[in-house]
Amino acid sequence: MHFFPFSSSSNSDGGSRFPVYLNVYDLTTVNNYLYWFGLGIFHSGIEVHGMEFSFGAHEYASSGIFEVEPRSCPGFIFRRAVLLGNTSLSRAEVQTLMEHISADYHGDCYHLIAKNCNHFTNEACMRLTGKPIPGWINRMARLGTSCL
């Protein structure tokens, strides 16, 4: 697991398009039942260029964005990958983007309802593909917001 910021490496990919996946993980085995009703408590990460980026909590005022092997985030049960679209950004440009986004996602500002991993993946997806993540991913947090 690598935390940001880290150094960018160059990659000459030209004008190619690269797939962007949302990797969805279960936080609880209760999701096996809730999932069929369009509910669940999920962790998510954005996969692009063979890297997966996500956001997690820690007690420091530094980036909570980290990189892991795709579809193998420690502590979570992989459920499925969702193809979100494509990006024209090179590997180096994606790393620079994640470093830029990391300024808004410090580990000590993680909040299960207001600023969680799914909020991060939604922002990253919007910047990479111009589209949001599917609504069911963060539905429980939205329901929690309405209860507050």
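Leu27 sits in the loop that runs between β2 (18-26) and α1 (31-34); helices here are DSSP runs of H or I with at least four residues, strands are runs of E with at least two, and both are numbered from the N terminus. This is a predicted model, where local features need pLDDT of at least 70 and side-chain atom pairs pLDDT 80 or more, while totals for chains, interfaces and linings use all residues. Residues are numbered from 1 along each chain as its sequence is written, and side-chain values use heavy atoms, leaving out hydrogens and water.

Back to Leu27. It counts as partly exposed because its relative accessibility is 39%; buried means under 20% relative accessible area, exposed over 50%, and partly exposed in between, with a 1.4 Å probe and protein chains only.

Next, strand β4, residues 51-55. Five of its five residues are buried. Met51, Phe53 and Phe55 point one way, and Glu52 and Ser54 point the other way. What does β4 pair with? Strand β3 (residues 42-48) pairs with β4 in the antiparallel sense over three bridges, and Glu47 stands opposite Glu52. A pair of strands needs at least two DSSP bridges. The two strands form a hairpin with two residues between them, and His49 in the turn has a positive phi of about 55 degrees. Strand β5 (residues 65-68) is joined to β4 by four bridges, also antiparallel, with Ser54 opposite Phe66.

Now the rings. Rings of Phe, Tyr and Trp (for Trp, the six-membered ring) pair if their centres lie within 6.5 Å; planes under 30 degrees apart are stacked, over 60 edge-to-face, and the rest tilted. By this rule there are nine aromatic pairs. One of them is Phe55 with Tyr110, tilted because the planes are at 45 degrees, with centres 5.2 Å apart. Phe55 is in strand β4 and Tyr110 in the loop between α2 and α3, 55 residues apart. Is each ring buried or partly exposed? Phe55 is buried at 1% relative accessibility, and Tyr110 is partly exposed at 26%.

Tyr105 and Phe120 make an edge-to-face pair, 5.6 Å centre to centre, with 75 degrees between the planes. Tyr105 is in the loop between α2 and α3 and Phe120 in helix α3, so the pair ties together parts 15 residues apart in sequence. Tyr105 is buried at 5%, and Phe120 is buried at 0%. The charged end of Lys115 sits over the ring of Tyr105, 4.8 Å from its centre; the rule is NZ of Lys or CZ of Arg within 6 Å of the ring centre and within 35 degrees of the ring normal.
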